[in-house]
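Thank you for making time this morning.

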Amino acid sequence: MSDETVLPFPGASGVPPKLVAAVEALLFAAGAPLRLDALASLLPDAHPDDIRAALGVLGARCGQEDRGIVLTEVAGGWQLRTDARFASEVAQLLRAKPVKLSRAAQEVLAIVAYEQPVTKQDVDHVRGVDSGATVKNLLQRGLIRVSGRREIPGRPLEYRTTRAFLQLLSLSELSDLPTLEEASQLDE
């Protein structure tokens, strides 16, 4: 789903307004995406289908043009985010600098995302240079994680992307990444 996803929900009138408000409050307070199972555990009296319906109502409300927030499905969960139209104003308020990744970091993330699990040696082979410092930086930033060891001599560490990676790119899951063929067509 895209960053601007509005959930269609016919028959929203049957959803209890209090449940919609509770879901909105939880998403607002969380500060990070909440999965449906997390919402269900926080709202034990609500059935997961009712929570899904409440997300639909909330998504439709947030999708209206006069709203400053949108409901997005990202990193396997749901999150309230500021509308992209107001990014500069929000950044000014927070004095936040946008996340910037070096070209090396972008290359390593792309390799890990498309080939995971990968070892540092796999990354070095694709890039043609030592990627140790970049891998360490991405680990520290929480964009990749150690997922195990490869069953070969030396048992090198294997790396995978994290939920923080999905959040950074506003992706719900890895399958939302463009295929390598689609990415090469974008370059052209």
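**Starting from Thr134**

Leaving out residues up to four places away in sequence, Thr134 touches Ala104, Ala105, Val108 and Arg127, where contact means heavy atoms within 4.5 Å. Before I go on, please keep in mind that this is a predicted model, in which local features need pLDDT of at least 70 and side-chain atom pairs count only at pLDDT 80 or more, while totals for chains, interfaces and linings use all residues. Residues are numbered from 1 along each chain as its sequence is written, and side-chain values use heavy atoms, with hydrogens and water left out.

Thr134 is part of helix 7; helices here are DSSP runs of H or I with at least four residues, strands are runs of E with at least two, and both are numbered from the N terminus. Is Thr134 buried or exposed? Its relative accessibility is 15%, so Thr134 counts as buried, given that buried means under 20% relative accessible area, exposed over 50%, and partly exposed in between, with a 1.4 Å probe and protein chains only. Gln106, which has its place in helix 5, is 28 residues from Thr134 in sequence and 9.5 Å from it in space, C-alpha to C-alpha. With 46% relative accessibility, Gln106 counts as partly exposed.

**Helix 7 and its partners**

Besides Thr134, the residues Val135 and Leu138 are buried in helix 7. Viewed down the helix axis, the buried residues of helix 7 fall within an arc of 100 degrees, so they line one face of the helix; the arc is that of the directions from the helix axis to the C-beta atoms. What do the buried residues of helix 7 pack against? They pack against helix 5, helix 6 (120-127), strand 4 (144-149) and strand 5 (157-161). After helix 7 comes Gly142, with a positive phi near 80 degrees.

The axes of helix 5 and helix 7 come within 10 Å and cross at roughly 80 degrees, the axes being lines fitted to C-alpha atoms, for helices over the stretch in contact, with angles running from 0 to 180 degrees between N-to-C directions. By class, the residues of the contact are six nonpolar, one polar and no charged; Ala, Val, Leu, Ile, Met, Phe, Trp, Tyr, Cys and Pro count as nonpolar, Asp, Glu, Lys and Arg as charged, and the others, Gly among them, as polar.

**The cores**

In soluble globular proteins, nonpolar side chains tend to be buried together. A nonpolar core, as used here, is a set of buried Ala, Val, Leu, Ile, Met, Phe, Trp, Tyr and Cys residues joined through side-chain atoms within 4.5 Å. The largest such core has 20 residues, of which Leu109, Leu138 and Ile144 touch the most other members. Helix 5 (103-115), helix 7 (132-140) and helix 8 (163-168) each supply at least two residues of this core, and helix 5 gives the most, with six. Setting aside neighbours within four places in sequence, Leu138 is in contact with Ala105, Val108, Leu109, Leu143 and Ile144. A second, separate core has 19 residues, including Leu34, Ala53, Cys62 and Leu80.

**Backbone details and the whole chain**

A few backbone features remain. Gln116 and Pro117 are joined by a cis peptide bond, with omega about 0 degrees, and Pro117 lies in the loop between helix 5 and strand 3 (118-119). Ala75, although not a glycine, has a positive phi of about 55 degrees; Ala75 sits in the loop between strand 1 (69-74) and strand 2 (77-82) and, at 3% relative accessibility, counts as buried.

Overall, the protein has nine helices and five strands, and 32% of its 188 residues count as buried. Among contacts between residues at least 6 apart in sequence, 53% join residues at least 24 apart.
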